[in-house]
Amino acid sequence: MSAERPNNGWVIWATFVVALLLSVAPLPGNLDLLRPLWLGLVAAFWALTLPHRGGMTMAWCFGLLLDVLSGNLLGLNGIPLALIVFLVLNLQQRLRMFPIWQQAMVLMVILGIAQLVLLWLNTLAGNRPPTLLFLVPVLTSAILWFWLYLALQWLRRRFDVY
Amino acid sequence: MSVRLLVLIVLSVVLMVVDARFETLKPLRSQLGLVLTPVYWLTDLPLRMWEGMSEQVASRSELIEENRRLKNEALLLQRRLQKLATLTEQNVRLRELLNSTALLDDHVVIAELIGLDPSPFTQRIIINKGSRDDVFVGQPVLDATGLMGQVVEVMPYTSRVLLITDSVHSVPVQVNRNGLRAIASGTGSDYLELRHVPETSDIKEGDLLVSSGLGQRFPAGYPVARVRSVVHEPGQAFLQVHAVPTAMLNRSRHLLLVFSDAGTPEQRMGAAGLSVEAQVGDHEVEPPSEPLEEQP
């Protein structure tokens, strides 16, 4: 499998860029609280379906861009994203056997861990969110996983990415 | 795989520490910000298209109504301005009598909101003016009705503004009615909290808080907030005062960047002294600037 030459890598890039756009797009009112972790989801998908492509460094680089866009310390979002990819890569052989809803459950735990790490880093950087509401995006992300998985899978087949 | 994770984490930590403690990463950040400027433009596009469309399809009667309202408002403001000219002159004369320095007028530039901070726990916005327009870190930002915040990060074409309601922001204010000084701190929600107000202070609901100019960050005399509630908990040393910002923090799209006399008090005194002499010289006092004439 890993002997194959990479094909249509630009699709992966494009999905990451769209995820980056979605994660900074302005949302009305308090919907910000529900914003799914787009970059984390996309990174998890590619790590799950194309493990030989890795993608940890790519996820980390997009974390860097997110830091620049949202004015955080450089490197802050890189750690949780790299961690998500790492955990998914470690679990991918089991995860691929799971039905989608079970994948979503495991992913919820993984994203939750990533959010906790992010909270920890944010606290170190001096802006600790006053509530536990930072865990809400984990829930919306897990719910979204079902549709995102189908959409990205379709995209992957359509453009024959491997 | 684990090695790569470890390398990335170490790299992240190093970047964070360097970014937090030193200035070396500022050029990199600024360059990346420049490259990423289209992102703000792109994410702002749906909203602008929506606004453009609603302008296109607004009915004629609505437009006439709006026009009438704006004309009325302009008339009212004109009347106020007329009065203000005489008041300003009077104020300057009285100040001369008192031998105190004159109030300086501020120079403003209009900026437009182009992005919001995606994190729900910080209150920051992105505007379409950057270092190319001489925006500087610490610059005060206003909207038509009051103080909004200050610039915290400058990129070539954009900059990031920290709003006064952010939980790490505080602004020195005074009560307009009696000059009582206080510090208004953001809460991360939509109101401000006055810190350490003694329980005997004369402050009540509805009081207007204006910037006091102490701390030399914000120019004095701009409205900041209106007191919403004053609660005295028995057993607490201080009053619990909440105030709602007068600026429309989550509705304003056009903001004013103030180029006031940022500098040491000595520099301010010098500049003020000069302007007093100039005014004494030609006996001409201008009314406060009309911000709109600065439209770029």
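**View 1. L74(A) sits in the loop between α3 (56–70) and α4 of chain A.** Helices (H or I, at least four residues) and strands (E, at least two) are DSSP runs, numbered from the N terminus. The model is predicted: local features need pLDDT of at least 70, side-chain atom pairs count only at pLDDT 80 or more, and totals for chains, interfaces and linings use all residues. Residues are numbered from 1 along each chain as its sequence is written, while chains are lettered from A and ligands numbered from 1 in the order in which they are written. L74(A) counts as buried because it has 21 C-beta neighbours inside 10 Å. Here a residue is buried if 20 or more other C-beta atoms lie within 10 Å of its own, exposed if 12 or fewer, and partly exposed in between; C-beta atoms are placed from the backbone. L64(A) lies ten residues away along the chain, with 6.0 Å between its C-alpha atom and that of L74(A). Leaving aside neighbours within four places in sequence, L74(A) contacts L64(A) and D67(A) in chain A, and L15(B), M16(B), D19(B), L25(B) and R29(B) in chain B. A contact means that two C-beta atoms, placed from the backbone, lie within 7 Å.

**View 2. Chain B meets chain A with 34 residues, and chain A contributes 28 residues.** On the side of chain B that touches chain A, the elements giving two or more residues are α1 (2–21), α2 (26–57) and β1 (107–116) of chain B. The largest share, eleven residues, comes from α1(B). By class, this side of chain B has 20 nonpolar, seven polar and seven charged residues. Ala, Val, Leu, Ile, Met, Phe, Trp, Tyr, Cys and Pro count as nonpolar, Asp, Glu, Lys and Arg as charged, and the others, Gly among them, as polar.

**View 3. Helix α4 (residues 78–95) of chain A bends by about 40° at L89(A).** The bend at a residue is the angle between axes fitted to the seven residues ending there and the seven starting there. Of the 18 residues of α4(A), 13 are buried, so the helix is largely enclosed by the rest of the structure.

**View 4. Helix α6 (residues 136–159) of chain A bends by about 45° at W145(A).** α6(A) has 24 residues and reaches 33 Å from its first C-alpha to its last, close to the 34 Å expected at 1.5 Å a residue. That expected span is 1.5 Å times one less than the number of residues. Buried residues of α6(A) are P137(A), V138(A), S141(A), A142(A), W145(A), L148(A) and L152(A). They pack against α1 (9–24), α2 (38–49) and α5 (100–125) of chain A. D160(A) follows α6(A) and has a positive phi, near 55°.

View 5. Most residues other than glycine have a negative phi. D134(B) is found in the loop between β2 (124–127) and β3 (140–143) of chain B. D134(B) is exposed, with 12 other C-beta atoms within 10 Å. Q216(B) is in the loop between β9 (208–211) and β10 (223–231) of chain B. With 17 C-beta neighbours inside 10 Å, Q216(B) counts as partly exposed.
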